[in-house]
Structures are given as structure tokens and as C-alpha cells.
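Morning, everyone. Please bring the structure up on your screens, and we'll walk through it together.

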Amino acid sequence: MIRIKQLTKTYGAKRALDGLDLTLGAGVTGLLGPNGAGKTTLLRCLATTLAPDGGAVDAFGLDPADREQRTTLRRRLGYLPQNPGAYPHFTAFDLVDYVAILKELTDREHRHAEVRRVLAEVGLTDQAATKVRRLSGGMRQRLALAQALLGEPDLLILDEPTVGLDPEQRMVFRALVSRLGESRTVVLSTHQTEDVAALCERVVVMRDGRAVFDGTPGELAAVADGRVWLSDTPPATSELFWRTADGRYRTLGAPPPSADPTAPGVEDGYLMLLGEAA
Ligand SMILES: Nc1ncnc2c1ncn2[C@@H]1O[C@H](COP(=O)(O)OP(=O)(O)OP(=O)(O)O)[C@@H](O)[C@H]1O
């Protein structure tokens, strides 16, 4: 269990985290929020790569503000940062092995076995000897995930893991992450409401450094209950509408004339919530 209490982080005049309270348990939790909401800042505080200005994190009973406990916690977490560095001339094996060395897996035989294990876990056994620059975007992202899995962490922190992936690669990645969430705490940030609907048991929406929603994807969708409409003509007043593939207009908010109600999805709930919070 991870308990975050009144976490604050300020950059100059900008409050990236503004007294954030949050508890994370086992399974996959998705963080949604507009650009600048504080998602990366929160994930970096959890990954212990950034010290907050105030508040506290209690991760499995460990306090990252304490030097010794921070080291213990680092051994129990895996982190996939936003835009992970590429090292294009390393092979997939060498890259993960390098991170394993940094993670203090000193016994060579044990380390190599662990590198092979995590490469197998993300389906990259056959690419172990391939240079990183020759891997597809999806494979690179799985490689970045592999390094986060070294040492079987109890906490997996993934910052926008599906960014830049095509739909097929995204599906492979989702299946992988949801399997990983069966036995550990996974927290991931994303701009993809489809990711949240597909794989997160829980979703937290952040805005201006705070959590403005915490619930299941179904509960987030329900925020837009009774407020999603389909019509043949565009609404005269609403600003939240778009033309769908079948040529009809989907409107959030007040119903346009002769509109049919339709069931909301996670994206509708998210947009409605942010519209209300504005
Ligand atoms: N090193 C930094 N120096 C100054 N300001 C920063 C720094 N890092 C983040 N910020 C600011 O803090 C706020 C929160 O940023 P953060 O990256 O945590 O948001 P985010 O929700 O992850 O956004 P995105 O979805 O765009 O990745 C933003 O206004 C950002 O500009």
C-alpha cells in the first residue's frame, strides 16, 4: 500500500503538486489529466528521483525522505520514465544489463539470468542481440518496460508508456501491463482514455496538482450520464461536440434539438469532469 499525504512540489511560482492526497493499492491505477496537471511530478516523487517540498509518501511502510529507507524502496520499484534514453548502439540485452548493473545486481551469472527473464517477460527474447536503433517503437517501449521489471518490483511506475505506439502495439502493451498488475501495484500516466478503459481498475484524474476524481473507469464514464447525445445536426450552443465517423454529431452537455441519448464512455466522463472543473 502506498499512501501519499499532502504532497507539494513547487517550481518557481508553479505549484506542480498542491497538497495531493492519494492511496494506491494492488492492481493498475491510471493517472489522467491535462498537460501540466502534475502527473510526471507525482510519478517522479514516487520513483524517488525527485524530492517533494512538503507532505509525505509512505510506500510499503518505507519513507523515501529517509536515506536508508529510500535505498530499500528503490530496490522494490521499477520506473519507466517519459522519453526513456535510447542508447541506440547498445543491444537490447546490453541495455537491460547496464541498468541491472546500476541496480546493483553484482553477480554476473544471476544478473544475466535476470536480464533474460525480463526480456522474455516482455516478449523480446529473440531481439536480445538486436541493436536498440533497429527495434520498432513498440519494441523499444517494451525494452524500457523490461528494465523496469528487473528485480521483480512490487511497485511499477510507468510514465506515458503507450505514447507513440500504433494500435496493435498498444494492445500488446496493455495485455502485458494488465498481467503485471495482477501481482503488484502499477501506476501509469496516460493521455489515452482508451488505455484507462481497457486496463485500469482505478483511475485518478489530476488537475492543477490535485486529484479531482478517484474511482473506477465506469464511475468516471458515469460523470457524463444523461449528458451525451447523438444528433443529425450540430448543436447551436454547446462547445463540446464533434462529428463521428457515421456522420452524426456527438454532444456533451445540454441536448441539441431532436437528439438521442447515448451511453457515455470514459472519455465523455473525463471531458465533462474537466469542463466542470474549469
Ligand atoms: N523542472 C521543471 N522546472 C520548472 N517547471 C516544471 C518542471 N517540471 C515540471 N514543471 C511544471 O510543473 C507543472 C507540472 O508538470 P508535470 O510534468 O508534472 O505535468 P504532467 O501532468 O506530467 O504534464 P504532461 O501531461 O504534459 O506530461 C507544469 O506546469 C510544468 O511546466
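Predicted model: local features only at pLDDT ≥ 70, side-chain atom pairs only at ≥ 80, totals over all residues.

Who touches whom? From α3 we have Ala 92, Phe 93, Val 96, Asp 97 and Ala 100. From α4 we have Arg 111, His 112, Glu 114, Val 115, Val 118 and Leu 119. Sort the residues of this α3 and α4 contact by class, and you get seven nonpolar, one polar and three charged.

Why quote an angle and a distance at all? Two packed helices are described by the angle between their axes and the distance between the axes. Keep both in mind for the next pair.

Stay on α3, and look for helix α5, residues 137-148. The axes of α3 and α5 come within 9 Å, and they cross at roughly 30°. Are they roughly parallel or roughly antiparallel? Angles under 35 degrees count as roughly parallel, so α3 and α5 are roughly parallel to each other. Their crossing is right-handed. On the α3 side, the contact uses Ala 92, Leu 95, Val 96 and Val 99. On the α5 side, it uses Leu 143, Ala 146 and Gln 147. The class count for α3 with α5 is six nonpolar, one polar and no charged.

Now move along to α5 and helix α6, residues 167-180. They pack at about 20°, with axes 10 Å apart. α5 and α6 are therefore roughly parallel to each other. α5 passes α6 in a right-handed crossing. α5 brings Gly 137, Gly 138, Gln 141, Arg 142 and Leu 145 to the contact. α6 answers with Gln 169, Val 172, Phe 173 and Leu 176. Here the α5 and α6 contact splits into four nonpolar, four polar and one charged.

On to the strands. Strands of a sheet pair through backbone hydrogen bonds, either parallel or antiparallel.

Take the six-stranded sheet. It is open, its pairing is mixed, and its order is β5-β6-β7-β3-β8-β9. Which strands are at the edges? They are β5, residues 77-80, and β9, residues 210-215, each pairing on one side only. From one strand to the next, the twist averages 15°.

Strand β3, residues 27-32, and strand β8, residues 202-207, run parallel and are joined by four bridges. Leu 32 stands opposite Val 205 in β8. Helix α1 packs on this sheet and touches β3, β6 (155-159), β7 (185-189) and β8. The direction of α1 makes about 150° with that of β7.

Next, an open sheet of three strands. Its order is β2-β1-β4, and the pairing is antiparallel. β2 and β4 (54-59) are the edge strands, and each pairs on one side only. Ignoring direction, neighbouring strands here are turned by 20° against each other on average. Strand β1, residues 2-11, pairs with β4 over five bridges, in the antiparallel sense. Ile 4 stands opposite Val 57 in β4. And α1 turns up again: it lies across β1, β2 and β4, running at about 60° to β2.

A quick stop at β10, residues 228-231. Four bridges join β10 to strand β12, residues 249-252, and the two run antiparallel. In β12, Leu 252 is the bridge partner of Val 228. β10 also has two bridges to strand β13, residues 260-261, again antiparallel. There, Trp 229 stands opposite Pro 261.

Last topic, the ligand. Which residues are around the ligand? The list is Tyr 11, Lys 14, Ala 16, Gly 33, Asn 35, Gly 36, Ala 37, Gly 38, Lys 39, Thr 40 and Thr 41. By class, this shell has three nonpolar, six polar and two charged residues. β2 (14-24) and α1 (39-46) each supply at least two residues of the shell. α1 gives the most, with three residues.

Notes:
Residues numbered from 1 in each chain as written. Axes fitted to C-alpha atoms, helices over the stretch in contact; angles between N-to-C directions. Parallel < 35°, antiparallel > 145°, perpendicular 65-115°, else oblique. Left-handed = near helix turned anticlockwise from the far one by under 90°. Contact = placed C-beta atoms within 7 Å. Nonpolar A, V, L, I, M, F, W, Y, C, P; charged D, E, K, R; others polar. Near = placed C-beta within 6 Å. Pairing = 2+ DSSP bridges.
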